[in-house]
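Subject: Handover of a structure and its side-chain contacts

Dear colleague,

Please find below the structure that I am handing over to you. I would ask you to keep it open while you read the notes that follow.

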Amino acid sequence: QVQLVESGGGLVQAGGSLRLSCAASVRTFTNYAMGWFRQAAGKEREFVAGISRSGGSTYVADSVKGRFTISRDNAKNTMYLQMNSLKPEDTAVYYCAADLTFRSNWWSPDPGTYDYWGQGTQVTVSS
């Protein structure tokens, strides 16, 4: 069983930064493409960023491009989301997810692709 635990959320003023972490308890972290999603109150879950098994291929959604960066440290079984220049509209619960795949350079924006999810961490950006 894979467990994902997010951390690093909190309350920050607009323009500030946060770094989210997603620690995975799994034997072979490199078997998983990873993704970050978020869900604001009353809205559907939204894809934020994805990263391939090796970390060599990444993507961030247009809504956060230029402000958010996704990365992973496979030696530490951990994925990160560096969030800069935060805006009030970034307020949401942020989830990490793992997709067991044999495909290289692969990540998916479809939440239905992912096999495991973390419990989420709240990010609140005040204006």
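A disulfide is a pair of cysteine sulfur atoms within 2.5 Å. Please note that the model is predicted. In this model, the sulfur atoms of Cys-22 and Cys-96 are 2.1 Å apart, and the two residues form a disulfide. Cys-22 belongs to strand 3 (residues 18-25) and Cys-96 to strand 9, so the bond ties together parts that are 74 residues apart in sequence. The torsion about the S-S bond of Cys-22 and Cys-96 is about 60 degrees, and the disulfide is therefore right-handed. Are the two cysteines buried or exposed? Cys-22 has a relative accessible area of 0% and is buried; Cys-96 is also buried, with a value of 0%.

I turn next to the aromatic rings. The structure holds 8 aromatic pairs. One of them joins Phe-37 and Tyr-114: the ring centres are 5.3 Å apart and the planes stand at 80 degrees, so this pair is edge-to-face. Planes over 60 degrees apart count as edge-to-face. Phe-37 lies in strand 4 (residues 32-39), whereas Tyr-114 lies in the loop between strand 9 (92-100) and strand 10 (116-117), so the pair ties together parts that are 77 residues apart in sequence. Phe-37 counts as buried because its relative accessibility is 0%. Tyr-114, at 7% relative accessibility, counts as buried too.

A second example is the pair of Tyr-59 and Trp-107. Their ring centres are 4.8 Å apart and their planes are at 10 degrees, so the pair is stacked. Tyr-59 is found in strand 6 (residues 58-60) and Trp-107 in the loop between strand 9 and strand 10, so the contact ties together parts that are 48 residues apart in sequence. Tyr-59 counts as partly exposed, because its relative accessibility is 30%.

Which residues do the ring pairs link into a cluster? They are Phe-37, Phe-47, Tyr-59, Trp-107, Tyr-114 and Trp-117.

Finally, there are contacts between charges and rings to report. The charged end of Arg-45 sits over the ring of Trp-117, at 4.7 Å from the ring centre. Arg-103 lies over the face of Trp-106, and here the distance to the ring centre is 3.7 Å.

Yours sincerely,
A colleague

How values were computed. Residues numbered from 1 in each chain as written. Predicted model: local features only at pLDDT ≥ 70, side-chain atom pairs only at ≥ 80, totals over all residues. Heavy atoms only, no water. Phe/Tyr/Trp six-rings, centres within 6.5 Å; stacked < 30°, edge-to-face > 60°. Helix = DSSP H or I, 4+ residues; strand = E, 2+ residues; numbered from the N terminus. Buried < 20%, exposed > 50% of the residue type's maximum accessible area, 1.4 Å probe, protein only. Lys NZ or Arg CZ within 6 Å of the ring centre and 35° of its normal.
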